[in-house]
Amino acid sequence: METKQLKWIYLTILSLIWGSSFILIKKGLIGLTAIQVGSFRIIFAALFLLIVGFRSLRKISRRQWKFVAITSFFGTFMPAYLFAIAETQVDSSIVAILNSLTPLNTLVLGIIAFGIQFQKRQVFGVFVGLLGCLLLVLSGDSASGSQNYIYVLFVVIATLSYAINVNLIKKYLHDLNSLSITTGNFAVLLLPALIILSTTDISQTIHFQETQHSILFVMILGVLGTGIANVVFFKLIQMSSPVFATSVTYLIPIVAFFWGLLDNEMLTPIQSVGAFIILIGVYLSAKK
């Protein structure tokens, strides 16, 4: 199959997996804290990847391990906790929409720090996306007293972290296969996640049925939504570009929105307009 066709297939698979990740985080938070959700997510993904990809670690050179460790922090460690913290106060569908800022941040950081080429239309797209973000957040803040929209800042920081990650991979790890990158990332993070989890009260609550159900949801999230999805994502970055790879966030909000409807989450008309404006901005910024 041609690369052009294959990259669109990868993009669709990722949108379905990651679009479902936000509702899995929400279900995980029923019986777990945000820190526990983030830790379990990393732990389950790490155990899965070490089983299937341990041999691939030999392909990572001593020079590359430094960048593998850095990308693990920006691409996995920070987002795993930040998204969980955000969803303690904000609906999963809103978080998924704000995740669409990732391509915009990828472009901005790519221009500033990595010297990538850009067009005026792409810069215009960044401003359009930010306008949609402001509309979405401000309208939601005024319409809902049960949600704390200050927590969207955690999502914004996570998208910045993703943007740093994809640019680093494209520049410094483009010659390393995706399984090696992903397995290396989680090999680095396994011990820190275990240490962080041990500082919580999980040993006292793990026998509760509610906690066990939440752990099951996070296990699915870790193996499918983090482990397998990251292998596909890094492969997509290598065969295309950072901006194209992160344009998976066009489709993620659509999948997440339908999951949110099933879980009684609703967008106000103004929030829907804001979400649409964000996607227009992402389209303009990602279009060559």
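Predicted model: local features only at pLDDT ≥ 70, side-chain atom pairs only at ≥ 80, totals over all residues.
Reader: How many residues does helix H8 have, and how far does it reach?
Author: H8 covers residues 178-198, so it is 21 residues by the DSSP runs. From first C-alpha to last, H8 reaches 30 Å, close to the 30 Å expected.

Reader: Where does H8 bend?
Author: At Leu189, by about 35°. A proline, Pro192, follows within four residues.

Reader: What caps the N-terminal end of H8?
Author: Asn177 does. One of its side-chain oxygens lies 3.1 Å from the backbone nitrogen of Leu179.

Reader: And what covers the buried residues of H8?
Author: The cover includes helices H2, H3, H7, H9 and H10. Among the buried residues are Phe186, Leu189 and Leu190.

Reader: New topic. Is Ser92 buried or exposed?
Author: Buried, because its relative accessibility is 2%. Ser92 is found in helix H4. Leaving aside neighbours within four places in sequence, its contacts include Phe22, Lys26 and Glu265.

Reader: Which residue forms a salt bridge with Lys26?
Author: Asp263, with the closest N and O atoms 2.7 Å apart. Lys26 lies in helix H1 and Asp263 in the loop between H12 and H13, so the pair ties together parts 237 residues apart in sequence.

Reader: How many salt bridges are there?
Author: The count comes to 2. Lys27 also forms a salt bridge with Asp263, at 3.0 Å between the closest N and O atoms. Shared partners join Lys26, Lys27 and Asp263 into one network.

Methods. Residues numbered from 1 in each chain as written. Heavy atoms only, no water. Helix = DSSP H or I, 4+ residues; strand = E, 2+ residues; numbered from the N terminus. Expected span 1.5 Å × (residues − 1). Bend = angle between axes of the 7 residues up to and from the residue. Buried < 20%, exposed > 50% of the residue type's maximum accessible area, 1.4 Å probe, protein only. Contact = heavy atoms within 4.5 Å. Polar contact = N/O pair within 3.5 Å; in protein donor to acceptor, adjacent residues only side chain to side chain. Salt bridge = Lys/Arg side-chain N within 4 Å of Asp/Glu carboxyl O.
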